[in-house]
Amino acid sequence: MANINPFEFKNYRVFETEIAGRKLTVETGKMAQLANGSCLVRYGETAVLVTATASAKPRDGIDFFPLSVDFEERLYAVGRIPGSFMRREGRPSEKAILASRQIDRPMRPLFPKDLRNDVSIVCTVLENDYDNSPEVVALLGASIAVSISDIPFDYVVAGCQVGIVDGRTVINPTSEQRKVSEMDVTLCATKDKIVMIEAGAKEVPEDDMFNALMEAHEELKKICAFIQGIKDEIGKPKFEYEHHDIDHDLFDKLEAAVSDKFEVAMDTDDKTVRDAGVRAIVDEFEAGLSDEYKEEHGANLAECVDKLQKKIVRRWLANGKRVDGRGMEEVRPLAAEVHVLPRVHGSGMFTRGQTQVLTLCTLGTLGDAQELDTIFEETEKRYIHHYNFPSFSVGETRPSRGPGRREIGHGALAERALLPVIPPVSEFPYALRLVSEVISSNGSTSQGSVCGSTLALMDAGVPITAPVAGISCGLITDGGQETTFTDIQGVEDFYGDMDFKVAGTKKGITAIQVDIKVDGLTPNIIKQAFEKCRVARYGILDEIMLKAIDKPRADVSDWAPKMTTMHIHPDKIREVIGKGGSVIQNIVAESGAKVDIEDDGTVTIAAVKAADAEKARKMIEAIVKEPEPGEIYYGKVVRLMNFGAFVNLLPGKDGMVHISKMADHRIEKVEDAVKEGDMVWVKVMEIDDKGRVNLSMKDVKEEEKIK
């Protein structure tokens, strides 16, 4: 027998703290020790293993920081087997992609600007108790894993979810609290500044949102101190990396030769003209370089051109000048149009400068709702928003390979923005899919999607509770100066420090998404952004959108399904469906309507023609209707017995006429009065305690037959 040497985890450490009254436990030194940094984070009974790994050196030709973040769902975390044919997890769900983005966006700007080594953060959800969000646990784990690793990263980041329940700010709300919360916000911050906001809200006023964020930041400061303590105790020294720097000789030569020309070429509101002008200047400059100089420095020209444009744009913005000549609070020219495509159920096109989004709305039955197979509580989605960003929208050529993480993120943002105003099923029994097609892009297409979606919904006759608009606010930091400005276009987004997107109604905020390129935002910047976006949002609604369509149409499109709902007793569902679905298939075939039945007995009937839906409704009513004493039926004799005849009253429902009730005079044999297949008038006399229906032919009066 071999000698067994038990493994000893010499570096195993456990750190504990409390967040929102629940224990947070961090275990290090046991799992995934070949990664640069790793930790197992437990919050309640939710557990996530997070690893951070970096390559030893950069890949050849990399001119950006290649960070990847993956949020790995495992269905065993909630005790389920995947529903796919392969019975294993496939590509990440939409929520997993959004969780990855929520980790990437606050951390990416805080890595060294010249780091080119590949860095991979993987968050594997091992357990999920629903009350303690795995997204938050993963975010904290990512910060800890990177902080204690040898990967260059000088900041400590913390994150939490924020809700408002009964007027009170709640940190990391439980499952029940999330259902009644006025908002669902994920907030990330360092001890000094806020670095990411992702929010959905039920028309929360700006002041209430701001106060909740500031209150939550105080809690995040405590978590940052906790993570800093772990880093101080077990953190590894950061490794040295190849610092990337611009080719200063080439940059100086380029700036001296073309800076004035660049300023002239870039001073236009037309992206195409600006790009063509810059390209012509660069081509002329490059043609004047010697072959020897180009061989030594030419590979860095594109980077130098980019830096020079960035320098010019940032200097202009810091001095209150914008590329297209607008004022700092001025929104680009706007246009709104509805009913662009009459055959679709609803359409709206929103234009802001050279950004143009066409949104199409499709209405379907509740059976068209999207089924979800994830580790989260939500099992289906009735309102769906998709966002497409084709290459032609920015004047480029590349093949379409389906939506990337950015497209999924922007679609989800627009979805969150409109969700609070979507009517409930009881008022509007439809599933809804909106698709925003970006047909021209020069910045802030996600907020253009929000505006286009409002137009399409109202054009489709969806009774939204209020119109929603969206706008973004930018930022330039220069020394100690902070300059914010409204409605950023592409070049301002690319070279600026912030893209602060806010969507909402006249009542308040419905969605926020903040991207930054600096080390965080101060309360003053956030407050300015809220106010500037509010003012611009009101203007977009009043001056443009509501002039295109001031309220939802009274009826849905002629091409949309006409929907009606009814309720049947759950015990009757089997009768309506029939053996092997035979009954419901017959209803659909005869009426031309689509029928969906819920487990609680709710029946949704959809048909393009209202008459078809009504026909299906009457067929279902006939199946589930129970005869009542005194009712008159014209039924078919289906079976003869010695003592009487059975008559079919309703689908699946027969009654019996005793021989003594067939006529006013005595009848010797049943066959003397009726034959199988005869149609006869009968009256329901009684329904006995066993549910048997007793009928009479002789008690039906002549005037009742006519009725």
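Asp-493 sits at 24% relative accessibility and so counts as partly exposed (between the cut-offs of under 20% relative accessible area for buried and over 50% for exposed, with a 1.4 Å probe and protein chains only). This is a predicted model, in which local features need pLDDT of at least 70 and side-chain atom pairs count only at pLDDT 80 or more, while totals for chains, interfaces and linings use all residues. Residues are numbered from 1 along each chain as its sequence is written, and side-chain values use heavy atoms, with hydrogens and water left out.

Asp-493 belongs to helix H11 (residues 490–495); helices here are DSSP runs of H or I with at least four residues, strands are E runs of at least two, and both are numbered from the N terminus. Leaving aside neighbours within four places in sequence, Asp-493 is in contact (heavy atoms within 4.5 Å) with Ile-488, Asp-499 and Lys-517.

Asp-499, in strand E20 (residues 498–504), is buried, at 7% relative accessible area. An unreviewed UniProt entry lists both Asp-493 and Asp-499 under "binding site", though such annotations may be inferred rather than shown by experiment. Beyond four places in sequence, Asp-499 touches several residues, including Ser-472, Cys-473 and Gln-513.

Phe-500 also touches Ser-472, Cys-473 and Gln-513, as well as Ile-197 and Phe-530, among others. Phe-500, Ile-197 and Phe-530 are among the residues with the most contacts inside the largest nonpolar core, which has 130 residues (a core being buried Ala, Val, Leu, Ile, Met, Phe, Trp, Tyr and Cys residues joined through side-chain atoms within 4.5 Å). Helix H4 (residues 206–234) gives this core its largest share, twelve residues.
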